[in-house]
Amino acid sequence: MRWTRGVSVWPVGLVGGLRFEGPRVQDGRVVGFHTAWEPNRPFPVDMAGFAVALPLLLAKPDAQFDATAPRGHLESSLLSHLVDPKDLEPRAANCTRVLVWHTRTEKPKMKQEEQLQRQGRGSDPAVEV
């Protein structure tokens with residue numbers, strides 16, 4: 001996070017009914033997102049999965065969260081004012097390591113993960129969760 005110049009992104013574990021959700025990275029660039037819920041959102045990323053550099057935020061004073069955004073689109077409401085998806089900065093070893101989790105005191109529900117696995121699109125087993 002400390003080297004973020006614009007907007008950095010990374011995977012988040014145990015979220016959205018998956019082992020993890022997060023950016024798909026190819027050749028050091030974000031090329032898409034591993035998510036099950038509304039994958040066509042402009043930025044299908046969890047609130048815990050990004051950081052914004054303060055100079056960028058100060059340079060764009062009109063950028064803010066839209067309190068009227070539909071459920072799950074709050075992140076996109078802010079990020080769409082700050083960065084183009086192609087300019088996202090992947091962190092956490094090019095998004096191959098999960099360093100942030102949604103934690104609860106109950107067993108995680110993995111319904112979305114099971115559904116994606118049946119479709120042959122499950123979470124990358126090489127990503128350490």
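This is a predicted model: local features need pLDDT of at least 70, side-chain atom pairs count only at pLDDT 80 or more; totals for chains, interfaces and linings use all residues.
Reader: How many bridges join β1 to β6, and which residue is the bridge partner of Val9?

Author: Strand β1, residues 7-9, is joined to β6 by two bridges, and these strands run parallel. The bridge partner of Val9 is Pro90 in β6.

Reader: How do β3 and β4 run, parallel or antiparallel?

Author: Strand β3 (residues 18-26) and strand β4 (residues 29-34) run antiparallel and are joined by five bridges. Pro23 stands opposite Phe33 in β4. The hairpin of β3 and β4 has two residues between the strands, and in this hairpin Asp27 takes a positive phi near 55°.

Reader: Turning to the nonpolar core, which residues touch the most other members?

Author: The largest nonpolar core has 14 residues, and those that touch the most other members are Val7, Phe43, Val45, Phe50, Leu79, Leu82 and Leu88. The elements that contribute two or more residues to this core are β1, β4 and α2 (74-79).

Reader: How many salt bridges does the structure hold, and which residues form them?

Author: The structure holds two salt bridges. In one of them Asp87 is paired with Lys86, with the closest N and O atoms 3.4 Å apart, and in another Glu89 is paired with Arg91, where the closest N and O atoms are 2.8 Å apart.

Reader: Are Glu89 and Arg91 buried or partly exposed?

Author: The reasoning here needs the cut-off, since buried means under 20% relative accessible area and exposed means over 50%, with partly exposed in between. Glu89 has 14% relative accessibility and therefore counts as buried, whereas Arg91, at 23%, counts as partly exposed. For the other pair, Asp87 is partly exposed with a relative accessible area of 38%, and Lys86 is partly exposed with a relative accessible area of 49%.

Reader: Which residue does UniProt list for "glycosylation site", and where is its place in the model?

Author: The UniProt record, an unreviewed entry, lists Asn94 under "glycosylation site". In the model, Asn94 has its place in helix α3, residues 92-95. Because its relative accessible area is 38%, Asn94 is partly exposed. Not counting residues up to four places away in sequence, Asn94 touches Val25 and Gly28.

Reader: Finally, where is Asp124 found, and which residues does Asp124 touch?

Author: Asp124 is found in the segment after α4 (111-118), and with 40% relative accessibility Asp124 counts as partly exposed. Apart from residues up to four places away in sequence, Asp124 touches Arg19 and Phe20. The side chain of Asp124 also reaches the backbone nitrogen of Ala126, at 2.8 Å. As for its separation from Ala51, the two residues are 73 residues apart in sequence and 23 Å apart in space, C-alpha to C-alpha.

Notes
Residues are numbered from 1 along each chain as its sequence is written. Side-chain values use heavy atoms; hydrogens and water are left out. Two strands pair if DSSP finds at least two bridges between them. Helices (H or I, at least four residues) and strands (E, at least two) are DSSP runs, numbered from the N terminus. Buried means under 20% relative accessible area, exposed over 50%, partly exposed in between (1.4 Å probe, protein chains only). Contact means heavy atoms within 4.5 Å. A polar contact is a pair of N or O atoms within 3.5 Å; within protein, one must be able to donate a hydrogen and the other to accept it, and residues adjacent in sequence count only if both atoms are side-chain atoms. UniProt positions are given in the numbering used here, feature names are shortened, and annotations may be inferred rather than shown by experiment. A salt bridge is a side-chain nitrogen of Lys or Arg within 4 Å of a carboxyl oxygen of Asp or Glu. A nonpolar core is a set of buried Ala, Val, Leu, Ile, Met, Phe, Trp, Tyr and Cys residues joined through side-chain atoms within 4.5 Å.
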